[in-house]
Amino acid sequence: MEDVLAPKMRRLLSSLILILILSLAASAALAQSVVSLSSLEIAFWPEFDRPAMLVIYRGTFSPDTSLPASVRIDIPAKYGPPIAVAFIDAQGQLLNLEYTTAVSGDTMSIAFSAPSANFQIEYYDSGLDLSSTTRRYSFATALAYPIDSLTLQVQQPVDASGMQGTPALGQPRTGSDGLTYFDAARSNIAAGSAITFDISYTKATDTLTSSVQGPVVTPDLPPEPGAATQGDDTILIWAIVGLVGVAMVGGGVVMYARSRAAAGEEIESPASRRAKLKGHPPKPKEVGPRVVSPEAESPQSVSFCHECGNPVQSADLFCRNCGAKVRR
């Protein structure tokens, strides 16, 4: 009986060990896929370069987040897709990222894989109320990741005053661009917690900030390693075309000369070619002197070539001996 149970116990023990190994591997993979943010700044730029709210996410992953990190950010579907999804490389450059979107009800999910510790997302929210001189805006979202430090930043538009916010805004400060900014800070935001922000200010004009400040800087695609610029490519292409053209012309001249030489033809000089183009007839074959008898032609009809002295007939236009034109 013991001999029968022993194989079964061994198989059962092997199965339990395999299950335990798979569970540990799954737990390790899950631990590596956990994403958390050490900081997140959500910037609000009302009436910057459009009569709308420019919303900018600037996130930094916590040190224990494995890279590349798979991220999903939700925005209102009616305001999507984003105008930029980017990351910051080791040189501090803001570069575009590939991303996908999926819409479910009123929400658009933006998914991307961030290769570095910093990412940025931008989109326009047309929910900014511009119907009166008192501008109003309400924002609400929730992230699936815990956030150690959250900053809600507002840029004061040109010609605006009386900036207020909930949560309460801090003291105004002047940014490096010369514009006025306000901040509202929160900390230790749990994953899935609601993030809300209400803004109001007074503005009597429709002047956009960018008309005074300049356009917003957006990220660019990184150049391919070792790739030439567009101007360098154009110069290189034309240089190659020029070299090929010169080679073709030179080869054609050589082949033509060789074919003429093989056929026993004389290659004419430019001077002789120009002489022929002036209307000179080809030189006739040499013939012996012609003796004209008095019976055949009267003295009045006989004349001589001024070049070689050979007699010519009255009907001749060219000397039969040398080809010169007969003078009358």
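In which order do the strands of the open sheet of three strands stand? In this predicted model, the order is β9-β14-β11, and the pairing is antiparallel. Strands β9 and β11 (160–166) take the edges, each with a single partner strand, so one side of each has no neighbour in the sheet. On average, and with direction ignored, neighbouring strands of this sheet are turned by 15° against each other. Strands of a sheet pair through backbone hydrogen bonds, in either a parallel or an antiparallel arrangement. Here, β11 meets strand β14 (residues 194–203) in the antiparallel sense, over five bridges. A handy landmark for finding this pairing in the viewer is G165, which stands opposite I199 in β14.

The secondary structure comes to four helices and 16 strands. Of the 328 residues, 29% count as buried. The chain exposes about 21,000 Å², and carbon and sulfur atoms supply 59% of that area. Among contacts between residues at least 6 apart in sequence, 68% join residues at least 24 apart.

With ring centres required to lie within 6.5 Å, the count comes to six aromatic pairs. One of them is formed by F44 and Y137, a tilted pair with 6.0 Å centre to centre and 55° between the planes. F44 belongs to strand β1 (residues 37–46) and Y137 to strand β9 (residues 134–142), so the pair ties together parts that are 93 residues apart in sequence. Both partners are covered: F44 is buried, with a relative accessible area of 0%, and Y137 is buried too, at 2%.

How far apart are the ring centres of F112 and F119? The centres lie 5.6 Å apart and the planes stand at 55°, so this pair is tilted. F112 and F119 are both buried.

Technical notes. Residues are numbered from 1 along each chain as its sequence is written. This is a predicted model: local features need pLDDT of at least 70, side-chain atom pairs count only at pLDDT 80 or more; totals for chains, interfaces and linings use all residues. Side-chain values use heavy atoms; hydrogens and water are left out. Rings of Phe, Tyr and Trp (its six-membered ring) pair if their centres lie within 6.5 Å; planes under 30 degrees apart count as stacked, over 60 as edge-to-face and the rest as tilted. Helices (H or I, at least four residues) and strands (E, at least two) are DSSP runs, numbered from the N terminus. Buried means under 20% relative accessible area, exposed over 50%, partly exposed in between (1.4 Å probe, protein chains only). Two strands pair if DSSP finds at least two bridges between them. Axes are lines fitted to C-alpha atoms, for helices over the stretch in contact, and angles run from 0 to 180 degrees between N-to-C directions. Contact means heavy atoms within 4.5 Å. Accessible areas come from the Shrake-Rupley method with a 1.4 Å probe; for residues, only the protein chains shown count as cover.
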